[in-house]
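Q: Please take a close look at the pairing of aromatic rings in this model, and then at the charged side chains.

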Amino acid sequence: MSRQVKQPTGQKRLTNVAIVRLKKGGKRFEIASYPNKVVSWRNKVETDIDEVLQTHTVFTNVSKGEVAKAGDLKKIFGKDNQSEICLEILAKGELQVSEKERHAQLESMFRDIATIVADKCVNPDTNRPYTVTMIEKAMKDLHFSVKPTRNTKQQALDVIKQFTEKETIKIQRAYMRLKLTIPGKEGRKLQTKIKKIAKKVEKDDFDDELEMVVLIDPGSFREIEELVRELTKGKAQIEVLSLKDVEEGDEFLE
């Protein structure tokens with residue numbers, strides 16, 4: 001005879017549940033989510049919380065339908081708003097999956113991280129992108145461990161940083177190509193500052209206005225944008241000519 005999952009009074013029946021568990025203050029708290037949605041939420045792919053949570057209820061045991069006591073929530077989380085506590089458990093808790101599911105999830109995230117790195121970076125000697133397979137091999141050489149609770153984009157930035165620090169492979173962020181058109185007086189003031197930030201200046205003409213084409217590290221875009229906006233009061237033009245300056249073809253190992 002099959003055992004039925006005991007549901008809390010007044011709750012809808014929870015079927016096909018993925019449980020996220022957080023141990024805090026010496027107690028265990030759980031939330032009931034939909035399968036495959038927790039990772040999507042953490043990677044900011046899914047943004048609708050109601051597509052992630054089956055119910056905005058905090059449990060001590062989802063399988064037995066045991067709801068957490070309001071007094072315990074207030075004492076341990078410092079609040080009793082169940083929706084807010086659910087979000088905290090969703091962010092910090094551990095997704096309860098089988099070993100097979102966990103392995104598949106980590107493999108998928110490993111591949112996603114390598115794909116992001118390959119998409120954002122080049123070999124600085126050739127300006128060609130690496131293949132995803134080459135990045136995966138370098139990540140294995142680095143003994144990089146995927147953290148299932150962190151989003152893949154942030155972990156990809158960690159990989160790039162570790163590659164650079166440990167010189168696992170020659171790598172750098174692919175540069176952005178910008179075209180800046182800045183009125184006369186402001187152009188003179190900004191010309192030197194932009195040259196200091198730019199990795200390479202491809203065009204630097206000054207007639208009635210300053211016209212520059214520069215290659216920059218993508219991380220410097222906001223700095224340039226704010227600098228130009230502040231000094232020109234919005235009178236300048238910044239045009240992104242290319243998000244990635246790369247040579248055609250993939251990098252290969254000799």
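A: Rings of Phe, Tyr and Trp count as a pair if their centres lie within 6.5 Å, and planes over 60 degrees apart count as edge-to-face. In this predicted model, a search of the whole structure finds 1 aromatic pair. The ring centres of Phe 29 and Phe 77 are 5.1 Å apart and the planes stand at 70°, so this pair is edge-to-face. Phe 29 belongs to strand 2 (residues 27-33) and Phe 77 to helix 2 (residues 70-77), so the contact ties together parts that are 48 residues apart in sequence. Phe 29 and Phe 77 are both buried.

Charged side chains form the next topic. There are 15 salt bridges in the structure. One of them joins Arg 177 to Glu 202, with the closest N and O atoms 2.8 Å apart. Arg 177 sits in strand 8 (residues 176-183) and Glu 202 in strand 9, so parts 25 residues apart in sequence are tied together. Glu 202 is partly exposed, its relative accessible area being 38%.

Another salt bridge is formed by the side chains of Glu 186 and Lys 235 (3.6 Å, N to O). Glu 186 lies in helix 7 (residues 184-197), whereas Lys 235 lies in the loop between helix 8 (221-232) and strand 11 (237-242), so this pair ties together parts that are 49 residues apart in sequence. Glu 186 is buried, with a relative accessible area of 12%, while Lys 235 counts as exposed at 55% relative accessibility.

Finally, a network of salt bridges links Lys 24, Lys 79, Glu 84, Glu 88 and Lys 92.

Notes
Residues are numbered from 1 along each chain as its sequence is written. This is a predicted model: local features need pLDDT of at least 70, side-chain atom pairs count only at pLDDT 80 or more; totals for chains, interfaces and linings use all residues. Side-chain values use heavy atoms; hydrogens and water are left out. Rings of Phe, Tyr and Trp (its six-membered ring) pair if their centres lie within 6.5 Å; planes under 30 degrees apart count as stacked, over 60 as edge-to-face and the rest as tilted. Helices (H or I, at least four residues) and strands (E, at least two) are DSSP runs, numbered from the N terminus. Buried means under 20% relative accessible area, exposed over 50%, partly exposed in between (1.4 Å probe, protein chains only). A salt bridge is a side-chain nitrogen of Lys or Arg within 4 Å of a carboxyl oxygen of Asp or Glu.
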